[in-house]
Amino acid sequence: MRTTEETEGFDGEASNTSMISGASSPYQPTTEPVHSRSVLGGIRCDLEYIKSYFGVLKVVEVVLSLIGFICIETIMMCSPCGGVYFFEFVSCSAFVVTGVLLVIFSLNLHIKVPHINWSLTDLVNTAASTFFFFLSSLVLACINHKTGAEIAAVVFGFLVTGVYGINTFLAVRRWRLGNGCQGTAQTSEYMRARTASRGEMEARPELA
């Protein structure tokens with residue numbers, strides 16, 4: 001029969017063995033709290049973007065487009081009305097689209113959808129808004145009844161055309177710089193891969 005000391009020693013060794021195996025086990029219990037994922041958790045207001053050139057230009061575009069739309073909406077009677085309707089459609093569309101892009105960029109929502117080329121999207125919007133605002137303002141300037149609302153709409157139309165033009169110029173430059181950096185990165189990766197392949201061929205001459 002085993003003595004009491006032998007039994008106690010055996011129990012101590014078993015306890016130590018279980019502690020060691022428990023410490024080395026990859027399935028360790030954790031005391032870290034489980035954080036629930038929130039859909040709005042990653043949304044924050046990017047003040048740096050709002051203070052940047054693009055942010056300021058977009059705010060001015062939204063405001064001027066809204067003022068032009070309000071001016072054209074105050075016209076009660078018109079004949080012909082083609083110029084008024086055209087300017088109304090352009091100012092409303094530019095206000096909505098540019099306002100949505102301003103919200104997306106200000107809240108960093110574009111980061112959550114990386115599959116879309118947002119620089120190109122912004123460029124297309126600003127270029128199209130520049131063209132259609134200039135065209136609608138020119139048509140309204142040629143076909144109007146010299147009322148105060150129409151004159152104000154024409155003035156704000158040409159103002160917002162200039163702002164969109166500046167934004168288009170900056171967007172084109174940003175888009176070209178982005179494509180140039182991407183092309184340089186791809187070329188560097190290609191050259192690095194070729195260099196690594198040549199190094200392997202030199203290290204293993206039997207493959208030549």
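Trainee: In which hand does helix 4 pass helix 5?

Mentor: This is a predicted model, where local features need pLDDT of at least 70, side-chain atom pairs count only at pLDDT 80 or more, and totals for chains, interfaces and linings use all residues. Residues are numbered from 1 along each chain as its sequence is written, and side-chain values use heavy atoms, leaving out hydrogens and water. A crossing is left-handed if the near helix is turned anticlockwise from the far one by less than a right angle, and right-handed if clockwise. Helix 4 crosses helix 5 in a way that is left-handed.

Trainee: How do helix 4 and helix 5 run relative to each other?

Mentor: Helices are DSSP runs (H or I, at least four residues), numbered from the N terminus. The axes, lines fitted to C-alpha atoms over the stretch in contact, come within 9 Å for helix 4 (residues 82–106) and helix 5 (residues 118–142) and cross at roughly 160 degrees. Angles over 145 degrees count as roughly antiparallel. Helix 4 and helix 5 are therefore roughly antiparallel.

Trainee: Which cysteine forms a disulfide with Cys78?

Mentor: A disulfide is a pair of cysteine sulfur atoms within 2.5 Å. By this rule there is 1 disulfide. The sulfur atoms lie 2.0 Å apart, and the partner of Cys78 is Cys81.

Trainee: Is Cys81 buried or exposed?

Mentor: Buried means under 20% relative accessible area, exposed over 50%, and partly exposed in between (1.4 Å probe, protein chains only). Cys78 has 24%, so Cys78 is partly exposed. Cys81 has 17% relative accessibility, so Cys81 is buried.

Conventions
Axes fitted to C-alpha atoms, helices over the stretch in contact; angles between N-to-C directions. Helix = DSSP H or I, 4+ residues; strand = E, 2+ residues; numbered from the N terminus. Parallel < 35°, antiparallel > 145°, perpendicular 65-115°, else oblique.
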